[in-house]
Amino acid sequence: MQSFFYNRKVRDALIQLIFLACVCYGAMYLVMNAATNMSNAGLTSGFDFLFQRAGYDISYSLVHYDPKTSTHLMAWVAGMVNTLAFAVVAILFTTVLSLLLAVMRLSHNFLLSSVSLCVVEYMRNVPILVHITVWYVFSLTLPSVRQAFNLGDVSYLSNRGLSLPSVVWNYSLWPSIVLIVLWLGLCFLMQKKVPSKGRRRLLMLFTTVILILSASLMFSPVVSISVPQLVGFNFKYGWTLPPEFIMLIVAVSTYSASHGSEVIRGSILAVSKGQMEAGLALGVKRNIVMNRVIIPQALHSIIPPMTSIYINVLKAAALGSVVGFMDIMGTMGGSSLNITGQAIECILIVMVSYGFLNLILAAVMGRFNNAMQLKGR
Amino acid sequence: MKKLIATAIIGAGVLSASASVYAADKLEEVKARGVMKCGIHPGKAGFSTPDTKGNWTGLDVELCKAVAAAVFGDASKIEFITMNSRNRLTALVTDEIDMLARSTTFTATRDGLNGVDVTTPWFYDGQALMVKKELGVNSIEELDGATICTYPGTTSEKNINDYFESRGLSYKALIVEGSAESTAAYLANRCDAVTNDASALAADRQGMPDPSANVILPERISKEPLGAYVKQGNDDWRQVVTWTAMALIEAEGLGVTQDNVDEKLKSTKPDVIRLLGTEGNLGKNFGLDNQWAYNAIKAVGNYGEIFERNLGEGSSLNFERGLNALYTNGGLLYAYPFR
Amino acid sequence: MNDLNFTGKPIEAREPAASQLSINRVVEWVKRNLFNSWFDSIITLLIILLLGTVLPKALDWLFFSATFSGAGRADCSPDAACWIPIRQYIDYYIYGPFPESEQWRVNSAFAVGLFAFPLLFTQRIPQKIVIGYILFLPVLLWVLLKGGFIFEDISTSALGGLTLTFFLGIIAMCLSLPVSILLALGRQTKLPILRWICVGYIELVRCIPVITFLFMASLVLQLFLPGGVSIDVLFRVLFVLIFVSAVYKAEIIRGAIQAVPKGQIEASYAMGCGYWKTMAYVVMPQALRNSVPALISNFIGLFKETTLVMILGLLEVMGAVKATFNNAEWLGLHAEGPIVVSAFFFVACFSIAQYGAYLERRIRRTKH
């Protein structure tokens with residue numbers, strides 16, 4: 001009997017089982033407590049509220065959200081889309097800014113590299129929440145709508161945001177569907193009949209252009225450009241990005257870029273100095289050595305830390321509610337939570353949504369990393 | 001989720017074999033602890049702000065002090081806990097605070113759904129909108145299509161929506177986390193109008209570089225009775241908070257002030273001596289000392305004094321009493337009889 | 001120009017002849033580092049132009065035209081910074097509502113906490129004492145700031161301002177270390193269930209914003225506890241900070257453990273040491289020493305993250321600054337507060353970061 005417990009495998013299995021049991025029991029215990037507490041306190045629970053009318057406005061939403069009819073579920077969707085839009089733009093800016101700051105820092109122009117050093121050190125040593133507040137205060141010093149900065153009569157920058165011209169599709173549904181089906185059919189045919197890749201591409205481009213041209217002749221104007229105009233209190237037409245959105249992106253991407261630029265700089269410097277010297281000795285130009293020798297090697301060690309920076313960027317969307325940017329935390333974890341009072345459900349939805357988005361992001365970056373590693377060898 | 005919780009409740013019943021704990025009433029709990037925990041706003045001019053030493057002052061803060069004085073005979077046996085607008089009601093339910101005096105509107109939903117109970121209104125407010133004078137706007141109807149600043153998670157967000165919706169007007173909401181940010185956004189013309197309770201707007205206006213350049217529109221788009229909340233199901237405790245507030249209002253009507261309360265103890269007027277506990281057993285019936293109201297008045301003064309000190313002429317805010325005058329003076333303050 | 005510099009360091013003039021005038025050397029340096037090519041020259045000129053226009057204005061607003069002393073709002077000029085409220089409230093920002101008679105306790109807590117940094121610096125003191133001090137530090141801070149033992153108990157609502165930031169930062173740092181070591185070991189253990197739980201926990205927590213955990217702690221954690229039991233909001237927040245930052249530390253420590261040569265571990269097993277002995281006496285001492293610089297930068301992150309508790313209504317240094325600017329008298333001043341807070345964080349975090357970089361250089365030196 002004793003030897004049974006001294007058997008390594010048995011002991012390992014037992015330890016794990018006990019651990020698992022403890023974890024499960026702990027979780028059960030907490031859930032049961034919550035259930036009793038909530039019924040004692042007369043709190044409602046469940047996810048029925050998702051289908052009730054939300055009854056609050058979302059200041060900026062990319063999907064159709066109407067405070068008169070939309071449900072809490074729709075508010076969640078609007079928040080989710082806002083979060084995604086923020087993440088895509090902010091990640092893009094973070095990447096570009098990180099590269100820019102790293103290149104500036106590595107420049108042999110003393111002033112340029114000092115400026116980069118100061119910016120990076122300030123950005124990364126001050127909390128993100130302070131950055132967001134500072135940028136928000138700054139956005140308020142922009143001129144009001146009536147004195148907006150006029151950017152070539154098509155765009156305006158004011159404290160109401162950046163108004164850009166937008167493309168409007170005035171399509172009618174049925175002819176468009178017919179055209180798209182026609183186009184898809186043609187593509188399929190060409191895939192079968194035309195063997196040469198180059199000619200196929202050329203043909204495809206040709207048919208697409210013809211179709212678009214005929215479409216615009218048939219239903220002209222299909223596409224029109226809408227330029228922002230000042231009407232009453234606000235800019236109408238065009239596409240206005242609210243300052244909360246812009247400033248959150250600026251704050252988050254500069255903050256993350258300060259970390260990103262250090263990652264990039266570190267990785268470039270980690271590639272041994274001898275390689276640069278060898279390249280230069282062979283008479284290859286400096287920037288070619290950089291692009292062909294140093295950066296491909298540095299990329300391997302850049303991607304994993306950059307992934308965690310990107311994840312932090314996405315997570316920073318949750319801080320947008322401080323300045324009035326309505327991400328999931330602002331809609332579901334903010335206004336919906338307050339109106340329904342169902343804290344557990346709302347916070348749970350927010351956590352699951354963020355967890356889901358980040359796992360996808362991590363998976364995408366993982367695949368990208370794998371592709372890069374293979375190419376490097 | 002409901003099913004899960006139902007299963008969990010059954011499971012809990014089986015496992016714990018009816019070992020659930022029923023806490024005694026909050027009043028006993030507070031007395032035993034020897035200190036009262038009061039949830040307040042982290043910074044609202046006139047209602048609760050820290051002074052340079054970090055002591056809290058304001059209308060809401062004084063209500064907390066009065067309750068502490070009524071319970072313990074000592075207004076310093078109190079702990080102030082700052083709450084944001086999202087966690088304030090949950091904090092009551094989870095016993096993190098004993099009472100919430102954080103400019104919270106009394107609504108049926110909150111009373112019915114969130115596991116909390118209302119006490120009595122401490123400040124009658126109404127939601128209003130403030131605009132710049134230069135806009136030349138005289139009524140809310142003219143604000144069609146305007147951008148309006150509100151705070152998240154307050155009733156103001158829903159009120160403005162209801163008001164505009166019912167009149168077929170459109171607006172754009174800008175939801176900003178704090179009142180300082182909201183004011184800043186308004187000042188910078190980020191929004192055309194800012195909406196909040198009229199008192200808060202008046203306070204904000206006072207702090208602006210040129211207060212007279214802003215108008216608070218005459219319409220009140222909502223009723224906002226602000227007052228203290230307590231946790232549901234603690235009737236003794238709710239009575240104590242409710243009647244302490246009433247006692248301070250009654251004291252103003254009877255002319256009992258912080259300075260003359262000692263003389264008034266020897267008064268011959270039956271209302272006064274019943275209130276101050278020289279006669280009768282009002283305090284005992286609430287589970288307090290008979291001098292509970294005396295202690296509260298001694299600590300903070302009557303309602304009128306508190307108002308003047310924090311919002312009226314004693315402060316830089318200069319509020320009118322308006323709805324918050326006694327009913328005999330045309331206001332809404334009406335204490336139930338102390339007999 | 002075939003210079004080999006790509007580190008961003010200015011290039012020193014080569015072969016400086018002793019006879020050369022120093023002015024020539026300066027000119028040479030300027031030529032090499034500022035006007036190396038026409039493109040370089042344009043950039044240099046642009047930067048000089050930009051700094052020339054922005055800096056004087058900023059300095060003027062911040063210092064020269066600003067109001068430093070006075071009685072109230074009326075003394076402030078509208079076109080420059082007004083530092084009067086900052087001066088009035090400075091004690092509140094540092095000590096929060098901590099009782100005035102007990103403020104020496106806060107001062108000594110600051111001293112005790114800061115002493116940990118030079119302790120990491122000296123090599124003469126054995127590692128055991130350093131680790132002992134770090135483990136003892138939370139207890140010491142607790143006793144000083146919160147009370148207990150011989151000190152009078154202070155209510156948690158009396159913790160605010162810089163005191164609260166410091167309290168949260170240091171205690172969460174020290175207490176998350178043991179948790180993160182266990183997580184790192186759990187992630188590398190051969191027991192599959194244990195490993196999955198650890199991996200799942202680490203990956204999940206990394207994907208979810210801290211602010212939602214903080215809201216969870218502030219809003220609903222109480223609901224999960226048995227009736228009648230209640231934990232102070234400060235401790236719930238501390239709990240979240242510990243268990244979230246432990247995840248990031250676990251990854252740092254895991255990396256350091258993996259860097260310990262496999263041969264050493266095998267040798268230890270061969271000598272008859274068990275798992276825990278090998279970890280405690282062979283792996284951990286090396287791994288911990290090597291992860292100190294990374295842990296210091298993790299601490300900076302944690303320290304900055306404590307500002308998030310402001311969103312819950314807790315008045316740490318940023319919340320305290322905001323609360324005071326809500327006073328009727330100072331409404332409408334909105335740049336001064338963030339500037340002071342960012343200056344504070346910059347000074348604090350920058351010096352810690354420099355210190356971490358120094359330690360890293362030293363560790364590298366001792367390795368080679």
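This report walks through a helix pair and an interface of chain A, and then the build of chain B, in a predicted model.

## Ground rules

Since the model is predicted, local features need pLDDT of at least 70 and side-chain atom pairs count only at pLDDT 80 or more, while totals for chains, interfaces and linings use all residues. Residues are numbered from 1 along each chain as its sequence is written, with chains lettered from A and ligands numbered from 1 in the order in which they are written.

## A helix pair in chain A

Let's start with helix 5 (residues 128–140) and helix 8 (residues 243–270) of chain A, which pack at an angle of about 140 degrees with axes 9 Å apart. Helices here are DSSP runs of H or I with at least four residues, and strands are runs of E with at least two, numbered from the N terminus. Axes are lines fitted to C-alpha atoms, for helices over the stretch in contact, and angles run from 0 to 180 degrees between N-to-C directions. The two helices are therefore oblique to each other (under 35 degrees is roughly parallel, over 145 roughly antiparallel, 65 to 115 roughly perpendicular, and the rest oblique).

Helix 5 of chain A brings I128(A), H131(A), I132(A), W135(A), Y136(A) and S139(A) to the contact, and helix 8 of chain A brings P243(A), M247(A), L248(A), V250(A), A251(A), V252(A) and Y255(A). Contact requires C-beta atoms, placed from the backbone, within 7 Å. By class, this contact has eleven nonpolar, two polar and no charged residues (Ala, Val, Leu, Ile, Met, Phe, Trp, Tyr, Cys and Pro are nonpolar; Asp, Glu, Lys and Arg are charged; the others, Gly among them, are polar).

## Where chain A meets chain C

Across this interface, 53 residues of chain A are in contact with 51 residues of chain C. Helix 2 of chain A gives the most to its side, with 13 residues. That side of chain A has 34 nonpolar, 14 polar and five charged residues.

## The build of chain B

Chain B holds 14 helices and twelve strands. Its radius of gyration is 22 Å, close to the 20 Å from the globule rule for 339 residues, so chain B is as compact as a globular protein of that length. The radius is taken over C-alpha atoms, and the rule is 2.2 Å times the number of residues to the power 0.38.

Chain B is assigned domain 1 (14–125 + 225–320) and domain 2 (127–222), with bounds from an automatic or database domain assignment. The C-alpha centres of these two domains of chain B lie 30 Å apart. Twelve residues of domain 1 of chain B are in contact with 14 residues of domain 2 of chain B, and the domain 1 side divides into four nonpolar, five polar and three charged.

Methods
Two residues are in contact if their C-beta atoms, placed from the backbone, lie within 7 Å.
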